[in-house]
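Student: I'd like to learn how to read the greasy and aromatic parts of a model. Can we go through one together?

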Amino acid sequence: MSSVVDDVAKEVFTYVNLVHAISGMAGGMSAITVFYPLNIIRMKLQIDDNLKAADPFTVAKVIAKEEGVQALYQGWWSSESHADPWKLVVCGLGVGYGAYFLRPTQVVSLGASNFVYFYTYNAFKSIYKKLIAENPNVTIDPITNLAIASSAGVINVFATTPLWVAGTRLSVQSRKSEDANGPKPYNGVLDCLMRIASEEGIGALWNGVGPSLMLVSNPSIQFSVYDRLRTILEKRGEPITAAQFFVIGAIAKAVATVLTYPIQIAQSRLRADSGRKDGQPRKYLNTMDCLAKIAKDNGVAGWFKGMEAKLWQTVLTAAFQFLTYEQIQKVVFKAFRIDAEGH
């Protein structure tokens, strides 16, 4: 037994897995920073029934007019002020990632999530190749790859859901909530996490974990499609270009998004559903109750509200993320003169 544990540990705690995790984290944080306004628009459309405009650019104008242009970056860094968007873009492209953990919001939620997912996903692939298939060069079939990606997704969900809950609350709270008669706004992620646990119970930190577990299928589909497309391109015997990485990343995310979008609607609403304030019950009981009430109020079309903004946001973000991820790991592996297998 100890021998098996030692063998697994050798495949889990490796320099190669760490490079993949850091590359994925950096790629995701850079991508969400560049396309963050689309993330705000998408969440507003999914959560706010008063926003009837389907056009994300129209919604952006409404947000900018009512709350200021800086509101398009609300929750990126902190809820207590709206920083200069251009400074945010510059910072997000690579300056001081570690500092974000002092006041983590949406950008660090994604960074932490990507770190956990990329590390776990690559560790599981390594374990399968070397300990189960006993062939480091084996090509993982689509079904096995989907199972590996799903397992990594489950671990990621339980580890990072509290950060996503806080990030969602910070991003959707309006400046209007800062009025004396409105609810007291959250003052950063730590205050948000502590108040949620205190006012709503510690279980509220995992609001939306049900649809999040269902949405494990999203990155699972995404990574499986991406790996399959990458394998097809590699078989040509020519190096894959940066533009091709961008395109296959976009295709993979588009497929995953369209297939799982109704569950993402439920996830956003459950995360934003604070409830239990002034004795008020939560609006939604669970994922199915949420979807049923959306359908009752807005029809089945309500399940796809904001999908245009979601596709713009996720497809561009994922494409940029995979492009950055591939380039960073390539540079690091080349600098240390090792291949992706650690040789």
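Student: Is Phe115 buried, partly exposed or exposed?

Tutor: The scale is relative accessible area: buried means under 20%, exposed over 50%, and partly exposed in between (1.4 Å probe, protein chains only). Phe115 has 29%, so it is partly exposed. Keep in mind that this is a predicted model, where local features need pLDDT of at least 70 and side-chain atom pairs count only at pLDDT 80 or more, while totals for chains, interfaces and linings use all residues. Residues are numbered from 1 along each chain as its sequence is written, and side-chain values use heavy atoms, leaving out hydrogens and water.

Student: How many aromatic pairs are there?

Tutor: Rings of Phe, Tyr and Trp (its six-membered ring) pair if their centres lie within 6.5 Å; planes under 30 degrees apart count as stacked, over 60 as edge-to-face and the rest as tilted. This structure holds 11 such pairs. Take Phe115 and Tyr119: their ring centres are 6.2 Å apart and the planes meet at 25°, so they are stacked. Both sit in helix α6, and because they are 4 residues apart, about one helical turn separates them. Helices here are DSSP runs (H or I, at least four residues), numbered from the N terminus. Tyr119, at 17% relative accessibility, counts as buried.

Student: What kind of pair do Phe223 and Phe322 form?

Tutor: That one is edge-to-face, with 5.5 Å centre to centre and 65° between the planes. Phe223 is in helix α10 (residues 217–234) and Phe322 in helix α13 (residues 307–335), so the pair ties together parts 99 residues apart in sequence. Phe223 is buried at 6% relative accessibility, and Phe322 is buried at 1%. Both also belong to one aromatic cluster with Tyr117, Phe118, Tyr121, Tyr226 and Tyr325.

Student: Which residues touch the most other members of the largest nonpolar core?

Tutor: First, the general idea: in soluble globular proteins, nonpolar side chains tend to be buried together. A nonpolar core is a set of buried Ala, Val, Leu, Ile, Met, Phe, Trp, Tyr and Cys residues joined through side-chain atoms within 4.5 Å. In the largest one, with 21 residues, Ile41 and Ile63 touch the most other members. Helices α2 (15–34), α3 (36–47), α4 (56–67) and α6 (106–132) each supply at least two of its residues, and α3 gives the most, with 6.

Student: What else is there besides that core?

Tutor: A second, separate core has 16 residues, including Tyr117, Phe118, Phe223 and Phe322.
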